[in-house]
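Reader: I am new to this entry and would like to learn how to read it. Could you take me through the features in turn?

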Amino acid sequence: MKAFRILSRNIRDSFQSVFRNFSLSLASISCITITLLVVSISMILSVNVNNFATLVEKDVTIVTFLDANITEEKIKVVEQEIKRLNNIESITFQSKDEITEDMKSSSDTFKSIMDEWSEEENPLQDTYLVKVEDINKIASTAKKIKAIDGVDIIKYGEGMVEQLVSVFDVVRKICLGMVVALIIVTAFLISNTIKITIFSRKREIEIMRLVGASNLNIKIPFIFEGLFLGVIGSIIPIIATVYGYTVLFDNFNGQLFSPFIKLVEPQPFIFILSGILVVIGILVGMFGSWRAVRKYLKI
């Protein structure tokens, strides 16, 4: 009970101290707010870039053209052979008649030409649309499909797909690196800002030491104060994130520039991001206070 009372008193005193030294606390809160806004924007960009890359990768399809004179029995055999391969997520059959109808519906020009074809004159080929589990292995998977008896040619954007995957990997790493770097910079910026706040209260700390307070008892109130500063400083970034991202998503109908660049759904994304911002604010606030007290005041 005694420990609980001491902890409660430290929390109460820390909370009161934030407002008692509000002009100094405001500098720390402003620093946290600005840096968390930047972190929020970076995380939104990072998650949406990753989402776009994932959607593009999932949409990559190996179009497998079957031999022109292939029989119904052989088509089933080819399907079983493809399914037995590793790295196959799904396989969809399209007959040449279905492809013809799709092309007719997509263009009046195609329709006028294809309407003249008889079933025997149709030059199109039956196909399998194959999606892979791991796009990094698409080249080796396509090579195995090409080797199956009854397969004529395959197309999946070879060359371009590999380059696209490589670019996405680089972009993902850059975005992740930016977020991590911003969090580290935020921690040190807040630490330096809080250092000024604590240094201005050096006399208060000296009095605490004179009355016999231990190093831990002196540090704890400042660490809790850093926690409160982190929570308060994260309020504006959270509001801006929730409101701003929701408005962006609604105004652009969930996409940017084209239907291919789809934004992540606001829920639960904005709530998860808000929780992350609060945690970052609390951790860097507490770390900043602890570092400032330990390093600069030599407690």
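Author: Let us begin with the surface. This is a predicted model, and its protein chain exposes about 17,400 Å². Carbon and sulfur atoms supply 63% of that area.

Reader: What percentage of the 299 residues is buried?

Author: A residue counts as buried when its relative accessible area is under 20%. In this protein chain, 38% of the 299 residues are buried.

Reader: How many helices and strands make up the secondary structure?

Author: The chain has eleven helices and four strands. As for contacts between residues with a separation of 6 or more, 81% join residues 24 or more positions apart.

Reader: How many bridges join E1 to E4?

Author: Four bridges join strand E1 (residues 61-66) to E4, and the two run antiparallel. Across this pair, threonine 64 stands opposite isoleucine 154 in E4.

Reader: Where is isoleucine 148 placed, and why does isoleucine 148 count as buried or exposed?

Author: Isoleucine 148 sits in the loop between H6 and E4. Isoleucine 148 counts as buried because its relative accessibility is 12%, and the cut-off is under 20%. Beyond its neighbours within four places in sequence, isoleucine 148 is in contact with Val78, Glu81, Ile82 and Leu85. Glutamate 79 is 69 residues from isoleucine 148 in sequence, with 9.9 Å between their C-alpha atoms.

Reader: Which helix holds proline 266, and what is in contact with proline 266?

Author: Proline 266 lies in helix H11 (residues 266-296). Proline 266 has 11% relative accessibility, so it counts as buried. Apart from neighbours within four places in sequence, the contacts of proline 266 are Tyr245, Thr246 and Phe249. Proline 266 and threonine 246 are 20 residues apart along the chain, and their C-alpha atoms are separated by 6.0 Å.

Key: Residues numbered from 1 in each chain as written. Predicted model: local features only at pLDDT ≥ 70, side-chain atom pairs only at ≥ 80, totals over all residues. Heavy atoms only, no water. Buried < 20%, exposed > 50% of the residue type's maximum accessible area, 1.4 Å probe, protein only. Contact = heavy atoms within 4.5 Å. Areas by Shrake-Rupley, 256 points an atom, 1.4 Å probe, with all protein chains shown as cover. Pairing = 2+ DSSP bridges.
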